[in-house]
Structure formats: C-alpha cells, structure tokens
Amino acid sequence: MREFITPDRIANQIRMRRSSHEGSFLIVEGRNDKLVYERFIDRTNCEFSIASGKENAVAAIRILEQDNFAGVLAIVDADFCRLEGTLPSSSNLLLTDEHDLEMMLFKSSASDKILSERGSEDKINKFGQDIRLTLLESGKRIGYLRWLSLKDNLFLKFEELSFSKFIDKATLVIDTGKLVKAVKDHSQKLALREQDIQKSIETLEKTAHDPWQLCCGHDIICILSIGLSKVWGSWKTNEIRPDILERELRLAYEDSYFRSTQLYQLIQQWEINNKPYQVLSPGN
C-alpha cells in the first residue's frame with residue numbers, strides 16, 4: 001500500500017480536506033512520528049497527514065507551496081542534512097533537532113527512565129562509564145557507514161541488519177571491518193571493496209562530527225537492546241527487542257522535554273508567521 005502513496009496524492013488529499021477543515025495540516029514521515037507529535041498538537045485545529053517517507057513529505061510541501069496553499073507544515077528527520085550543509089530553504093519544512101526523531105527522544109531524560117526501569121543498578125554502577133556516550137561512540141561507526149553510502153551512492157541496506165555479526169556483546173565495541181562486511185553482504189553488493197570502504201570511513205572520521213547528527217536512532221536502540229541483555233541488564237533478547245524499547249521511549253517522552261527543543265520553538269515561530277493557523281495545543 002505504501003508504494004501507492006505519492007507526493008501528488010498527499011497534496012491532493014490535503015486540498016480535498018480543506019473543505020471540511022479550516023485549520024492547519026501537519027505532514028509527518030510515518031505513524032511512529034504521529035504517535036509522538038500528536039500528544040503536543042491541537043487536534044481540533046490541526047490535522048495530520050502521514051507521508052510514508054521523508055521524500056514524500058518534502059515533495060508534498062513543495063507542491064502545496066507552488067499552489068500558495070496556506071496552513072501546512074511538515075516535520076521530517078534531519079538525517080545528514082546538517083552534516084552535509086543542505087538545510088531546507090522552506091519555512092514550512094522543519095527538521096528534528098538531532099539526526100532523527102528517535103535520537104531526539106534518546107537525548108532527553110526519557111532514556112534515563114528506560115535505563116532506570118530496564119537496567120540493573122549493580123551492573124550499571126560496575127560499568128562505570130557514561131552510557132549515552134558509550135552508545136554514541138558505538139553508533140558513530142554505523143553512522144559513518146550510512147553517511148558514506150549516501151555520499152557515494154552505494155545504496156547499502158541497513159534494514160534488518162544483524163548487529164551480532166559485528167558488535168562485541170561484552171564491551172559494545174563495533175569492529176569496523178566486520179561491520180563493513182556484514183552490511184556489504186546484507187546489501188548483496190559483492191563488487192564493493194571492503195578495504196576501500198574502510199579507508200573512506202577513516203577519512204570521514206578524521207574530522208570531528210556531532211554524534212547527535214551522525215548517529216541513527218534505530219542503531220542506538222539496537223545497541224541499547226544488546227547492552228540491556230548483558231552489560232547493563234539480564235533481559236532475554238525477545239523481552240527487549242528494539243521495537244519494544246522504541247515504543248517505551250516514545251511513551252516516556254514528556255511534554256516538558258519537547259518544550260525544551262529547538263523544534264518546539266520553530267513551530268511557535270511558524271504559528272506567529274502563519275496566523276491564524278495553530279499547530280501546538282493550548283497547553284503547549
């Protein structure tokens with residue numbers, strides 16, 4: 001069904017909904033994004049449109065802007081935009097503060113709640129290191145490979161990747177060589193030279209980059225899941241699957257966390273510039 005959702009269809013649906021809804025429209029990438037943002041949105045004056053992907057959301061906004069369609073805003077993951085220096089020019093297109101929405105949730109105190117609930121106090125104290133920094137350090141390795149795939153059009157596949165093939169479950173350190181091989185094989189890109197990819201990653205690593213912009217939230221959650229099964233906890237794998245932890249992270253994210261983000265301030269500014277359209281609920 002997702003393949004039938006196009007930017008034109010999204011734009012047309014919003015145009016049609018205008019006859020029954022005089023308020024604003026908020027375009028988001030997917031259902032999980034809606035589950036987070038809907039808690040802070042004025043549901044009476046703002047309706048959601050799920051674009052099924054960032055590209056669809058961005059293109060739909062462009063189509064509606066060309067028609068001078070007022071009262072529509074899109075929020076998408078930043079991904080590597082800030083690292084690439086390719087920020088959107090449209091005032092109707094906003095980015096997450098961090099690499100993606102999951103990273104924005106993870107940076108908040110919601111992740112502390114997860115660790116308090118799921119982690120072993122004794123194991124965490126014995127670990128003796130900052131857990132967030134540990135996860136970021138491991139996640140950076142995959143982040144660089146994702147970025148390289150984007151920059152060099154390698155079209156590597158990261159969905160359903162088996163992290164056990166390249167991560168040390170005792171230290172959570174990622175072996176770059178094993179990572180490259182695992183992703184290459186998973187992507188069925190047998191012609192790619194692993195040594196060339198590793199050298200390209202090393203070149204990227206020579207310049208310091210903000211890990212919050214570099215790391216993908218799903219990767220961080222996958223590493224956290226592994227950590228909670230041994231390093232910081234004793235859970236069975238099926239009890240702390242990444243999808244379970246992502247859901248718990250969404251539920252642990254509070255209004256106050258969202259109000260402290262730059263994204264929240266940008267939505268407020270959008271409302272000022274686009275009166276009378278409202279997006280945020282009165283309580284926010």
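**Figure 1. The largest cavity of the predicted model.** The largest cavity has a volume of about 70 Å³, a volume being the space filled by probe spheres set on grid points that are joined across faces, edges and corners. A cavity is a set of points, on a 1 Å grid over the protein atoms alone, where a 1.4 Å probe fits but cannot get out, and lining residues have an atom within 4 Å of a point. The search of the whole structure finds 1 cavity of 30 Å³ or more. Its lining is made up of Asn32, Asp33, Val36, Leu101, Glu102, Leu105, Ile221, Glu246, Leu249 and Arg250. Two or more of these residues come from each of helix 2 (31-37), helix 5 (101-107) and helix 13 (242-252); helices (H or I, at least four residues) and strands (E, at least two) are DSSP runs, numbered from the N terminus. This is a predicted model, in which local features need pLDDT of at least 70 and side-chain atom pairs count only at pLDDT 80 or more, whereas totals for chains, interfaces and linings use all residues. Residues are numbered from 1 along each chain as its sequence is written, and side-chain values use heavy atoms, with hydrogens and water left out.

**Figure 2. The largest pocket.** About 1700 Å³ of space lies in the largest pocket, where a pocket is an open set of points with protein on both sides within 12 Å along at least five of seven lines. Of the 46 residues that line this pocket, Glu29, Lys54, Glu55, Asp77 and Asp79 are the closest to its centre. Elements that give two or more residues to the lining include strand 4 (93-95), helix 8 (131-151) and helix 12 (217-229), while helix 3 gives the most, with 5 residues.

Figure 3. Asp77 lies in the loop that runs between strand 3 (72-76) and helix 4 (81-84). Although Asp77 is buried, it has no salt bridge, and the nearest side chain of opposite charge, Lys54, is 7.2 Å away. Buried means under 20% relative accessible area, exposed over 50% and partly exposed in between, with a 1.4 Å probe and protein chains only; a salt bridge is a side-chain nitrogen of Lys or Arg within 4 Å of a carboxyl oxygen of Asp or Glu. The side chain of Asp77 reaches the backbone nitrogen of Leu101 at 3.1 Å.

Figure 4. Leu192 is found in the loop between helix 9 (176-187) and helix 10 (194-205), and is partly exposed, with a relative accessible area of 23%. Leaving aside neighbours within four places in sequence, Leu192 is in contact (heavy atoms within 4.5 Å) with Leu154, Leu156, Lys184 and Ile197.

Key
Lys, Arg positive; Asp, Glu negative; His and termini not counted. Polar contact = N/O pair within 3.5 Å; in protein donor to acceptor, adjacent residues only side chain to side chain.
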